[in-house]
Every structure is written in C-alpha cells, then in structure tokens.
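We will go from stop to stop, picking residues as we go.

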Amino acid sequence: MVLDKFSLKGKVAIVTGSNTGLGQGICQAYVEAGAKVVGVSRRPSTETAELCGPAFYNVIADLGSTEVISSVIEQTLAKFGRIDILVNNAGIIKREDSIDFSEESWDSVLNVNLKTVFFLTQAVAKQFLAQKSGGKIINIASMLSYQGGVRVPSYTASKSAIRGVTMTLSNEWAKYGINVNGIAPGYMATNNTEALRQDGERSADILSRIPAGRWGTPEDLKGAAVFLASEASDYVNGFTIAVDGGWLGR
C-alpha cells in the first residue's frame, strides 16, 4: 500500500533545534510516524520530551561549535544503535542594518546555520556508509534561500548556501542511497519571527503577500518532513520544497 511508504517505523532520526517551534513539530511528526528521535538542543527539550514520550531522547549541545558533533553521533548510537535520518533545523538570526552589521554577528550565524550543518551532515553520511544503509538528510532552508530579505545579511547568506550545499551533496551521495533535500518554510509563527509578528506594519505587509492569508505553523511542516524522511521520497534528491502558503508563487 502506498501509505506504507510514508511509515518511519524502525527508523532513527536526529533533529537539531528540538526544543521549540519547527524542530519540536518535526520531532512529533517522526514519533507519530513510528521513528525514534534524538533531539539536539542547547537547552533541555523538556516540552518536546513530554509531547513525544519514550521514543524521544534529548542531547544537549551548542551547535555554535563543530566540537560537539562526535558526541551527538556517539550518544545517538549508544541510545538507539543506528542513524537513518538527519534534520538540520537549528538556526539563529541576527537583525541589523547591513551597513552596521558586525563580524561577530556574521560569524555566529554562519557557524550555526552553515558550518556545523555541513560537518554534522558529513559525519552522519559517514555513519550511513558504515551501516551500508543509505539514509535521508533534510536541511531546513528559508524563503531567503530564494530572496534577499532586509537587515539579515548573514542569515540570507547562510540559507542561500544551505540550498546550494543541498544540491551539491545530493550530486555526490545519491549513488550511496543517500537522499539530500531541503524544506524552505515560509513565514512561520516561531521564535525567529516574533519580532516581525510584533511589528504591526511589517506583519501586515507579510500577510498581504501570503495567498493563504496566515502565518504558518509547525503543524504545516509535518507532512513535508515525513515525506522527505520516508521511502516515499526515494527518487527525490537535491530539491528544496517550499512550505510557504504560496509566498513564492505570488
């Protein structure tokens, strides 16, 4: 049956940025689809653990440094014995006029949103090869993987690069049965967009551009996240799916 292809029963997923927002929603979706999930977060993912139950395990790590990668892999293998899925969701954003943007803000965003993403992905791909199993890698991109944005130069740079790296890795790793794809969420009601949503004029401008007429929610991302992690997407590689309420089609 076709619905069986969407099952994640027996799979083990790592989801970064698991304590709130989109990461929390993806963890829930994977547990609902039958997977065991290791959520990686800088602070305890207490609420996510309560929502997901015993199929969820939390690893505390600051992804601003690549030094934590080996520990994330080791703890996942110690807990669940294998890795089948990686979702690179953790990210940060700094808002400031580009004319005044600091080197510190640039580096902090690129370290979390791009550098650690690449090297964690590399480490997980090596585990896939060791398992001789193939696997699924999903990078959380952004509308700013396609557009420039305003006052977020480092975030735009990182998310544009994520889309490009997704294509590069798909070219190299498809032959190993590793699918590398992305999801570009639209304007979502998460911590990252709180400042925008509190700005009445800016929020109204954004909503006027979204054909669906509303901000997205973590619930809206669940279907795409499960699809790209499942057997149903085995011939999908190197593509970034927009989940945006129609923003890019406007």
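Select Arg-151 to begin: in this predicted model, Arg-151 is partly exposed, with a relative accessible area of 39%. You will find Arg-151 in the loop between S5 and helix H5 (153-173). Check its backbone too, as phi of Arg-151 is near 65°, a positive value in a residue other than glycine. Most residues other than glycine have a negative phi.

Next, pick Lys-132, in the loop between helix H4 (103-131) and strand S5 (135-140). Here phi is also positive, near 55°. Is Lys-132 buried or exposed? Lys-132 is exposed, with a relative accessible area of 77%.

In the largest nonpolar core, which has 26 residues, select Ile-26, Tyr-30, Val-87, Ile-138 and Ile-183, the members that touch the most others. Then colour the elements that give two or more residues to this core: strand S1 (12-16), helix H1 (21-32), strand S4 (85-88), S5 and helix H8 (218-229). Which of them supplies the largest share? That is H8, with 6 residues.

Stay with Ile-183 and display its contacts, leaving aside neighbours within four places in sequence. Among them are Ile-138, Asn-139, Ile-140, Ala-141 and Ser-142. Ile-183 also contacts Leu-221, Ala-224, Ala-225 and Leu-228, along with Thr-240, Ile-241 and Val-243.

For the last stop, select Val-12, Leu-63, Ala-125 and Phe-128, which are included in a second, separate core of 24 residues. In soluble globular proteins, nonpolar side chains tend to be buried together.

Key. Residues numbered from 1 in each chain as written. Predicted model: local features only at pLDDT ≥ 70, side-chain atom pairs only at ≥ 80, totals over all residues. Heavy atoms only, no water. Helix = DSSP H or I, 4+ residues; strand = E, 2+ residues; numbered from the N terminus. Buried < 20%, exposed > 50% of the residue type's maximum accessible area, 1.4 Å probe, protein only. Core = buried A, V, L, I, M, F, W, Y, C linked by side-chain atoms within 4.5 Å. Contact = heavy atoms within 4.5 Å.
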